[in-house]
Amino acid sequence: MAQPFRVSDLAGIQVRPARLWTHSLSWILFVAGIALYAHFSIVRHRENPEDRVIPSATQMIHGLKASVLEPAEEDDPLDPGATLFQQVRHSMIWKDTASSARRFFTALLLLVPAMLIGLHMAVFPYVGAFFLLFVLFFDKIVALSLLPILFIVFGIDEWSKIMLMVIGVAPTLMLDTYNIAGGVPKEQVVKAFTLKSTNLDVAYRIVLKQVLPQLINSVRLNLKPLALFLFAGEMIASTDGLAYRIAIMRRHMGMDIIIPYLLWVALLLFSLDALLRFTNRRLHPWYQPL
Amino acid sequence: MQRYPSALILRVLKQTNSAHRRRTLRICFAACARMVLMASLACGLAFPAVAQSPTFTVGWSVYAGWNPYFYMSKSGILKRWADKYGVVIKVQRFDYAASLDAFVGKNIDACTMTNMEALDMPAAAGVDSTVVIVGDYSNGNDAVLARNNLTLAQLPGKPILLVQKTVSEYLLERAMVLNGLDNQLPHLKLLNTSDSDIVGAFLGDKSNQVAVTWKPLVSEIVDQDHGVKSLFDSSHIPEEILDLLVVRTDVLKRPDGSGLKFAKAIAGAWYETVAQIAAANAQAISGSAAASGDSVASYKEQLRTTYLYSAPQSAAQFAQSNELKQKMDLVRQFCFRHALLGQNVQSVDDVAILYPDGAIQGKKDRVRLRVDATYMQLAAQGKL
């Protein structure tokens, strides 16, 4: 039986808020953020109707339309008879998302071997001895400052950007994997060997299997640094991509495009994070974090 | 109780008795607190005195033609002129993009910028702006560089490193147009590269064959790789890439008249400064070189490709000429073609320019950029 709400509940620990309460509370800050933005936008537009620093809703809808329905400036314009699907398919935001996503997922794929190295570091003492100190040190290097070298080694095209992301995030993931895998109780390893496991059995079927949900969570936490490095790389040198467009738009204060782009990036990252979380729960229903 | 704090700290260090140390520390804190209080009181007393004379902030960024602003404020020239007109002028250095953001955000009152940015940043964002000083034009500071003896006709298809949507792209387009290669423009493959990394990216990878940039980056590239040649530079398009001092029109038109005083003061100080530079005054040149951390030799080399309007009459004359209108028309058409005036600006005439003779380029009710020769003229007549 649900208890009626009392004001003192707000500071209580032993309370179970009703669904309606939790839902409405979680939207308050969103609403406040939008209201604050609208306030500043209105104030600035009252002073200068053409203000571009804090675009109004109409300006942003205009910018959104331009980025979703019109091809990028450097591309050829579409025929006037194009269908909506064709319009979206050749739009600026589609093109930028596709090229950024390609870089992002390539880097993400390259992080898998990094995590496996971390696993091996934790399980095989000689591998650990070989890598650990170097990775610990390498992790502290600010990857962004290596960019001129990356340009020379990997060229100015895709690979320098992908490697920037990998170099920036891989050491952290390796160390995290190392720590997580190191936490698997030794007794289990011994037990597995008494049951005639081989070395690789222990590494992949005992340790990896147990730590996989934690590794996926670790990747989730690293999505943001990954995006950050992607943005840094694209802003420094590129011909397309989400951050490229933002960098170009900044040249003439095209905030009416930049803000929808930022929200779009946030939405993409949020969805990817949610997807990983969902997959994790489906794959590992037994995993109950503390 | 009024003790000198550092003496107190010494005593604190010497104390071994911990209770005594705590007490001494307390005294020390009390002394500090009192000092803070007194300092804030002093400020409180000092501020109203400052507030009586209106304060203006000028933003500038590193460039051969703008470095003199640093020397101007450091040498006391600016202070002398500001005092003469009873205003306070602060000079602040920014990154170029940040200076424009600050100007459009109305955080600063005046800012150095090129004619192109004056049009596509403040003016296009609805911030009515007035050009009070036409300082110089790029007379070779911006250049199209290429390896392997490439020619302009061979550029299409090759990646071109440049900061897009800046004068670099403008220069490249003009180079193509002036060489009859207009139809090749859509085939250029532009690679947006940040100016902080363009030198490394171009020199480090020989497969990057073309770059468009400005000095001192041009000199850095050419000095380090003798196989790089300049295909085209801004001396071929004189008076098109102008470096200006722009003041917000509402600041200039302040009802108390302080904006006019500010403009007069800064114009007076500017022409005194550039006269020194034109006369190769060693102090003025080394002071301006120091603004960007350049060596004197490197700064002099940059000045050679910068046409400084050191005489106010030449600046005033140019500001009132028909050439300015023609050059500005090229620039505004470029800005419009590249959507730099805004995504939803339907016509190039929506961001109109008012010239000293009253002529308007664009729609009469949409004047956003004004060229005002008054202050250059006054300087020329020695009436400042």
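Here are some friendly questions and answers about the two chains of this predicted model.

Local features are given for pLDDT of at least 70 and side-chain atom pairs for pLDDT 80 or more, while totals for chains, interfaces and linings use all residues. Residues are numbered from 1 along each chain as its sequence is written, and chains are lettered from A in the order in which they are written.

Q: Why is B:Lys106 called partly exposed?
A: A residue is buried if 20 or more other C-beta atoms, placed from the backbone, lie within 10 Å of its own, exposed if 12 or fewer, and partly exposed in between. B:Lys106 has 16 C-beta neighbours inside 10 Å, so it counts as partly exposed.

Q: Is B:Asn149 buried or exposed, and how do you know?
A: Within 10 Å of B:Asn149 there are 9 other C-beta atoms, so this residue is exposed. The limit for that word is 12 or fewer.

Q: What makes the backbone at B:Lys106 and B:Asn149 worth a look?
A: Most residues other than glycine have a negative phi. B:Lys106 is not a glycine, yet its phi is positive, about 65°. B:Asn149 is not a glycine either, and its phi is positive at about 50°. B:Lys106 sits in the loop between α5 and β3 (110-114) of chain B, and B:Asn149 in the loop between β5 (142-146) and β6 (159-162) of chain B.

Q: What kind of peptide bond joins B:Lys215 and B:Pro216, and where is B:Pro216?
A: The bond is cis, with omega about 5°. Most peptide bonds are trans. B:Pro216 is found in the loop between β8 (210-214) and α9 (217-224) of chain B.

Q: How many helices and strands does chain B have, and what counts as one?
A: Chain B has 16 helices and 14 strands. Both are DSSP runs numbered from the N terminus: helices are H or I with at least four residues, strands are E with at least two.

Q: What share of chain B is buried?
A: Of the 384 residues in chain B, 45% are buried.

Q: What share of the contacts in chain B joins residues 24 or more positions apart?
A: Two residues are in contact if their C-beta atoms, placed from the backbone, lie within 7 Å. Among contacts in chain B with a separation of 6 or more, 74% are between residues 24 or more positions apart.

Q: Why are α6(A) and α7(A) called oblique?
A: Helix α6 (residues 147-154) and helix α7 (residues 158-182) of chain A pack at about 135°, their axes 8 Å apart. That angle makes α6(A) oblique to α7(A). Angles under 35 degrees count as roughly parallel, over 145 as roughly antiparallel, 65 to 115 as roughly perpendicular and the rest as oblique. The axes are lines fitted to C-alpha atoms over the stretch in contact, and angles run from 0 to 180 degrees between N-to-C directions.

Q: Which residues make the contact of α6(A) with α7(A), and of what classes are they?
A: A:Leu147, A:Leu150, A:Phe151 and A:Phe154 of α6(A) meet A:Trp159, A:Ser160, A:Met163 and A:Leu164 of α7(A). Seven are nonpolar, one is polar and none is charged. Ala, Val, Leu, Ile, Met, Phe, Trp, Tyr, Cys and Pro count as nonpolar, Asp, Glu, Lys and Arg as charged, and the others, Gly among them, as polar.

Q: What makes α9(A) and α10(A) oblique to each other?
A: Helix α9 (residues 199-236) and helix α10 (residues 242-250) of chain A pack at an angle of about 55°, with axes 8 Å apart. These two helices are therefore oblique to each other. Their contact is made by A:Leu230, A:Phe231, A:Glu234 and A:Met235 of α9(A) and A:Ala243, A:Tyr244 and A:Ala247 of α10(A). Six of these residues are nonpolar, none polar and one charged.

Q: How many residues does each chain give to the contact between the chains, and which element of chain B gives the largest share?
A: Chain B gives 30 residues and chain A gives 31. On the chain B side, the largest share, four residues, comes from β7(B). That side divides into eleven nonpolar, 15 polar and four charged residues.
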